[in-house]
Amino acid sequence: MWLVLGIAALCLLAVPAHADKIRDLASVGGVRSNQLIGYGLVVGLDGSGDQTTQAPFTTQSLENMLQQFGITVPPNARPQLKNAAAVTITAELPPFAKPGQTIDVTVASIGNAKSLRGGELLMSPLRGADGNVYAIAQGSVVVGGVSAQGKSGSSVQVNISASGRIPNGASVERSVPSAFGNAGDLMLNLNTPDFTTAARIAQAINTAFGAGTAQPVDGGTVSVRGPQDPAQKVAWLGLVQQLEVTPGDAPARVVVNSRTGTVVIGSDVKVTAAAVAHGAIQVTISEQPLVSQPQPFSRGQTAVVPSSDVQVSEDGAHMFKFGPGVSLDTIVRAVNQVGAAPSDLISILQALKQAGALHAELVVI
C-alpha cells in the first residue's frame, strides 16, 4: 500500500504546476503582420464634416477625385463642404493573407470634422512601408461615440466620434512574401525572453521528436530543425505548438502607472528589514478681502484690503516596520492598515527602492 501511495505522490510531483502551450509562449520567425496606411474621403456626413476654410486639403482631394470622373471645377469656385471629411485609414495585414480576403480598417479624421457618424468611405488604396498598394478600402464607417451641440454652445460628448471602424472594409490586393516556406531551420521567438523558458522549450521538442531537433540560440530564440516539404512542415509545426511547457518564473517586478495611480506588484517581490514613516502636510490658503470704509465727511475713498489666512496641518505620521523577507501579502496589508492612497504607495515603493530594501525591478510607466 505504501508503494502505491509513493508512486501516486511521485506522479503528482511530476505534473507541472502551470504549463502553457508553445504557441502561447513563442511565435514563428518570419510569420508576422504588416501595417498599412492610406488617405481618403468620407462623404455623406450630416453637416459634421470639415470646414473647408480651415482644411483646404479636403476640397483639393474632392476636386482631384471629380477630375477622374471627367468633372472640372472652375478655378474661381470654392466649394463649401460640410458633408465630407479627410481621413487617414490604417489596417493590419495578417500573415499569409491572400488577394480577395477582407480585413478590418480604422478611419480617423485629420481635419476639424466633428463626427464621422453615417459617413461612407470612398475607395482608397492602402500602402505598406515599401510604398506598394496591398489593399483597397471602402465602406460605411461605424462610430461608437456620440456628440451633440446646441445653438447656445452647450455640448455633450460620449467617447470619440471623429474616428471609427469598417468591419471587413478592405480587400487584399497583394500578398506579402513569407519566409516560412524557405529551406532551413525554423526560429521560435519567445514573446517574453527568458533563458529558462527557452531551454525548457528545446527540451520539450527534443523529448517529443528526438534529440537534436531543437536547440536554444539565446534567451529569446529557439532553433528547430523540421521537414523541408511545406505540407509536412505545416502539420509538424502544428504538433510542436501543441506541446506544453512550464515557463520560467516571472521576474520580481513592480509596475507603477504614475498617471492613473495603478500599482501592480509581482508575487515574487521581497522586502528586507526596513521601517517606513509616511505622513502628509496640508497647506490651506484662504482669501477673505476686507473693505475699508472711510469716516463720514473725511473725503476718504473706499478700499479693498487683502486678508490671507494660511494654515499648515500635518496628519499623524504612521510608521510600520517590515521584517526580512517580507512577501507581497504583508506589504499590501501594512499599507492598507495605515490607509495609504495609491499615490502614497508609489512614494513608499520608490523610497524603499532607493534605500535598497525593495528587491525587485521598479518600472514606472
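Modeller: Quick term first: contact means heavy atoms within 4.5 Å. Also, keep in mind that this is a predicted model.

Biologist: Got it. So what covers the buried residues of helix 3?

Modeller: The cover includes strand 3 (34-43) and strand 4 (84-93).

Biologist: And which residues of helix 3 are buried?

Modeller: Those are Thr58, Thr59, Ser61 and Leu62. Looking down the axis of helix 3, you'd find them within an arc of 160°, so they line one face of the helix.

Biologist: What's exposed on the other side of helix 3?

Modeller: Over there, Pro56, Gln67 and Gln68 are exposed.

Biologist: How far apart are the end C-alpha atoms of helix 3?

Modeller: They're 19 Å apart. With 13 residues (56-68) at 1.5 Å a residue, helix 3 should span 18 Å, so the two values agree.

Biologist: Okay, switching to Leu41. Where is Leu41 found?

Modeller: Leu41 sits in strand 3.

Biologist: Is Leu41 buried or exposed?

Modeller: Buried: its relative accessibility is 6%, and the cut-off for buried is under 20%.

Biologist: Which residues is Leu41 in contact with, leaving aside neighbours within four places in sequence?

Modeller: Among them are Thr58, Ser61 and Leu62, which are buried residues of helix 3. Leu41 is also in contact with Ala85, Ala86 and Val87, among others.

Biologist: New topic: which residues make the nonpolar surface patch?

Modeller: Tyr39, Phe57 and Ile110 make that patch, about 240 Å² of it. Ile110 lies in the loop between strand 5 (102-109) and strand 6 (120-127), and at 39% relative accessibility it counts as partly exposed.

Terms used: Residues are numbered from 1 along each chain as its sequence is written. This is a predicted model: local features need pLDDT of at least 70, side-chain atom pairs count only at pLDDT 80 or more; totals for chains, interfaces and linings use all residues. Side-chain values use heavy atoms; hydrogens and water are left out. Helices (H or I, at least four residues) and strands (E, at least two) are DSSP runs, numbered from the N terminus. The expected span of a helix is 1.5 Å times one less than its number of residues. Buried means under 20% relative accessible area, exposed over 50%, partly exposed in between (1.4 Å probe, protein chains only). The arc is that of the directions from the helix axis to the C-beta atoms. Patches are made of residues with over 30% relative accessible area and no salt bridge: like charges are joined within 9 Å, nonpolar side chains (Val, Leu, Ile, Met, Phe, Trp, Tyr) within 5 Å. Accessible areas come from the Shrake-Rupley method with a 1.4 Å probe; for residues, only the protein chains shown count as cover. A salt bridge is a side-chain nitrogen of Lys or Arg within 4 Å of a carboxyl oxygen of Asp or Glu.
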